[in-house]
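Dear colleague,

Please find the structure below for your records. My notes on its side-chain interactions follow.

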Amino acid sequence: MTRLRGSLGNLIHGRGRPCYLEAVLRSGEGGRPRGFRLRHMHFIIAVAPTRSHLIACLAFSSSQCVGRPVPNLRINDVELYYEEYGQGPETIVFGHGLLLHGRMFQRQIDALSDRYRCIAFDFRTHGKSQRTAEGLDLDSLARDAAAVIESLDAAPCHYVGLSMGGFIGLRLAIGRPELLASLTLIDTSADPEPQRWRFHMLAVVARCLSPHLVIGSLFRTMFGRAFLNDPDRRDDREYWRQQFLQNDLPTMTKAITAVLARQGVYEQLDRITTPTLIVVGEEDRVTSPKYSRRMHARIAHSKLVTIPQAGHITPVETPAAVSDALSSFLAELTATRA
């Protein structure tokens with residue numbers, strides 16, 4: 001069976017309650033679509049024999065949805081959007097990367113929400129959160145993240161951050177360790193930005209001319225070769241291409257500038273006592289694996305996992321590998337406490 005993405009969509013709203021649907025394509029004779037199996041739903045569905053003639057009739061009970069109602073949070077005078085899934089005695093909070101949003105962790109949420117409460121929120125100016133030109137430096141974003149954790153009664157949580165989300169995770173572990181039960185840093189660095197002017201020029205071209213002029217270069221920088229060249233991931237690539245292009249350029253340019261101007265925290269890493277997992281894509285061209293190795297050497301008792309054939313967005317590129325690494329790490333923590 002092959003996972004289908006894009007044709008049916010992953011989110012259906014029923015009675016105001018968002019539901020993530022995992023669609024699995026079953027092959028019939030000659031490899032033609034025979035039907036879909038939708039997780040956590042009561043359904044009736046029929047599909048035409050070709051992808052271009054998709055007919056779906058779906059009836060379901062919204063009480064079967066994985067997601068919960070998703071009101072915005074008023075945090076530090078800004079409306080932040082979040083989604084919550086699953087139940088469990090412990091909570092995982094996901095912090096996304098620059099230019100992205102919380103949905104980048106959907107496959108990890110699918111893998112973990114049967115035993116953990118999972119919260120994914122959009123940082124200010126990103127995703128469905130409020131656009132603002134203020135408070136975009138990492139210290140301010142870290143205060144936002146801390147307030148989200150406290151407002152949702154999630155502390156101490158397992159915080160999982162990618163790139164910018166990881167930069168913020170480092171600052172939480174250094175300045176607000178009481179909020180964290182564990183820290184997972186994905187494709188992250190504790191150093192200042194080494195490619196500051198290159199990324200700044202891409203942002204200037206995107207804003208002053210057109211984002212379409214830089215999307216190719218951005219993709220080659222952000223994603224690994226396997227993801228970019230796999231014909232079965234075409235829908236995923238198109239989805240994220242559209243997400244990048246939909247960013248609000250005036251405010252996002254300010255967010256990019258703030259992230260590129262960040263101060264390093266490498267010298268403070270020995271203050272981190274939170275159990276830490278470090279994950280990096282083998283082909284990461286933004287935060288090279290050498291930066292992960294530097295953090296691993298500095299953070300006591302940290303664990304380092306390198307993902308083969310992955311670039312800078314490993315939760316999207318290699319979702320199963322990231323989910324497995326995170327699941328194993330959390331299980332080891334539970335076993336240690338037992």
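Tyr 239 is partly exposed, at a relative accessible area of 36%, whereas Trp 240 is buried at 6%. Here buried means under 20% relative accessible area, exposed over 50%, and partly exposed in between, with a 1.4 Å probe and protein chains only. Please note that this is a predicted model, in which local features need pLDDT of at least 70 and side-chain atom pairs count only at pLDDT 80 or more, while totals for chains, interfaces and linings use all residues. Residues are numbered from 1 along each chain as its sequence is written, and side-chain values use heavy atoms, with hydrogens and water left out.

Aromatic rings

The structure holds seven aromatic pairs. One of them joins Tyr 239 and Trp 240 edge-to-face, with 5.0 Å centre to centre and 85 degrees between the planes. Rings of Phe, Tyr and Trp (its six-membered ring) pair if their centres lie within 6.5 Å; planes under 30 degrees apart count as stacked, over 60 as edge-to-face and the rest as tilted. One aromatic cluster is formed by Phe 219, Phe 223, Phe 227 and Phe 244.

Two arginines lie over rings (CZ of Arg, or NZ of Lys, within 6 Å of the ring centre and within 35 degrees of the ring normal). Arg 262 is placed over the face of Phe 167, 4.0 Å from the ring centre, and the charged end of Arg 298 is over the ring of Tyr 266, 5.1 Å from its centre.

Salt bridges

The count is 17 salt bridges (a side-chain nitrogen of Lys or Arg within 4 Å of a carboxyl oxygen of Asp or Glu). One of these links Glu 83 and Arg 103 at 2.6 Å, N to O. Glu 83 lies in strand β8 and Arg 103 in the loop between β9 and α1 (106-112), so this pair ties together parts that are 20 residues apart in sequence. Helices (H or I, at least four residues) and strands (E, at least two) are DSSP runs, numbered from the N terminus. Glu 83 is buried at 5%, while Arg 103 is partly exposed at 21%.

Asp 236 and Arg 233 also form a salt bridge, their closest N and O atoms being 2.7 Å apart. Asp 236 is buried at 10%, and Arg 233 is buried at 16%. Elsewhere, salt bridges that share partners join Glu 150, Arg 176 and Glu 178 into one network.

Yours sincerely
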